[in-house]
Amino acid sequence: MKQLEERGHLLTEQINPNSQNLDQLSCLELVDLFNQEDRQTIAAVAKARLPLAEAIDTTAKSLRQGGRLFYIGAGTSGRLGVLDAAECPPTFCTPPDLVQGIIAGGADALVRSSEALEDRAQDGAAAIDQKEITQLDVVVGITAGGTTPFVHGALQAAKSRGATTIFIACVPQEQFSCDADIDIRLLVGPEILAGSTRLKAGTVTKMALNILSTGVMVQLGKVYGNRMVDVAVTNSKLRDRALRIIQDLTDLNRDAAANLLERSGKNVKLALLMHWTGCDRQQSEKLLIDNQGNIRQAVQNSQNQL
């Protein structure tokens, strides 16, 4: 991997002409400038729609075959990956090891900066070895400026193990290339505060990860319509959400929905399947397994068997 000592030419390091007088703006002018610049994130995602769609499709296929999804990064990029991974279990009831975030410096780097560790490509490679990455897995390297050695070391190690690799950066390919299977470039231009990639670059990266993980979970059948039917019922807020989903998708009142939810073992997908098919919990569990967790497909196949 090539090393860069001079990074001034990178898009993420350039000076934004729209914020040259940043330190002279009023508070309202600051807000307006941020709002104006943040519009570029929407355009950047739109321009990356094709590789993003490819990433969703490829990742879903890998996870169906028993693979895992890993995000790897340093600093803000690493934290965003860890955040997206951490939100998958409560949102989609996924096992904790299905989607994982790896950040340079480990858990301590989530709350205390450890930026120097991003220069250690060997640490990225070691993280891949520690996770025992295989050809079934997908590894997403995230680096706003595109140059982070920790990320490139990880991607090279993942590729050598046969894993699918995805690269997400906020600089054009001609400024810094990467030998990844899927290359996603989110070009939002120079930051309002020069080089502070926790701003637009961070925002657009969060948007892209939202699309990637949610899109994958939709493909895996963890959504019915636009309902979070695989929600983990682990607190009062999520129980209320589960009950509202059941009520909205059935003719049941709240008490009946609560009874059904309890009989399903607090599993919304099972509850819906039990209601729609008349099957008991054990039969519904088998239906879901036979249909790879896809509730719509399970209902259709159940009706076809009648």
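The lining of the largest pocket has four nonpolar, eleven polar and five charged residues. The structure is a predicted model. This briefing covers its pockets, its nonpolar cores and some of its salt bridges.

**Largest pocket**

- The volume of the largest pocket is about 360 Å³.
- Its lining is made of 20 residues, and Glu118, Ala144, Gly145, Thr148 and Thr197 lie nearest the centre.
- Helix H3, residues 75–92, gives the most to this lining, with four residues.

**Second largest pocket**

- The second largest pocket has a volume of about 310 Å³.
- It is lined by 17 residues, and Leu220, Lys269, Gln292, Gly293 and Asn294 are the closest to its centre.
- Helix H2 (49–64), helix H9 (268–277) and helix H10 (281–290) are the elements that give two or more residues to this lining.
- By class, the lining residues of the second largest pocket are five nonpolar, seven polar and five charged.

**Nonpolar cores**

- In soluble globular proteins, nonpolar side chains tend to be buried together.
- The largest nonpolar core has 35 residues, of which Tyr71, Val99, Val140, Ile166, Ile184 and Leu186 touch the most other members.
- The elements giving two or more residues to this core include helix H1 (27–47), strand S1 (69–73), strand S3 (138–142) and strand S4 (164–169).
- Helix H6 supplies the largest share of this core, seven residues.
- Beyond its neighbours within four places in sequence, Ile184 is in contact with Ala48, Pro51, Leu52, Ala55, Ile166, Phe167, Ile168 and Ala169.
- A second, separate core has 25 residues, among them Val229, Ala258, Leu261 and Met274.

**Salt bridges**

- Side chains of opposite charge can pair when their charged atoms come close.
- The whole structure has 14 salt bridges.
- One of them joins the side chains of Lys61 and Asp57, at 3.2 Å from N to O.
- Lys61 and Asp57 are four residues apart in helix H2, so about one helical turn separates them.
- Lys61 is partly exposed, with a relative accessible area of 44%, and Asp57 is also partly exposed, at 36%.
- Asp230 forms a salt bridge with Lys222 (3.2 Å, N to O) and another with Lys269 (2.8 Å, N to O).
- Asp230 lies in the loop between H6 and helix H7 (236–249) and Lys269 lies in helix H9, so this pair ties together parts that are 39 residues apart in sequence.
- Through shared partners, salt bridges join Lys222, Asp230 and Lys269 into one network.
- The relative accessible area is 8% for Asp230, which is buried.
- Lys222 is buried at 15%, and Lys269 is buried at 4%.

Notes. Residues numbered from 1 in each chain as written. Predicted model: local features only at pLDDT ≥ 70, side-chain atom pairs only at ≥ 80, totals over all residues. Heavy atoms only, no water. 1 Å grid on protein atoms, 1.4 Å probe; cavity = no way out; pocket = protein on both sides within 12 Å on 5 of 7 lines; lining within 4 Å. Points joined across faces, edges and corners; volume = space filled by probe spheres on them. Nonpolar A, V, L, I, M, F, W, Y, C, P; charged D, E, K, R; others polar. Core = buried A, V, L, I, M, F, W, Y, C linked by side-chain atoms within 4.5 Å. Buried < 20%, exposed > 50% of the residue type's maximum accessible area, 1.4 Å probe, protein only. Contact = heavy atoms within 4.5 Å. Salt bridge = Lys/Arg side-chain N within 4 Å of Asp/Glu carboxyl O.
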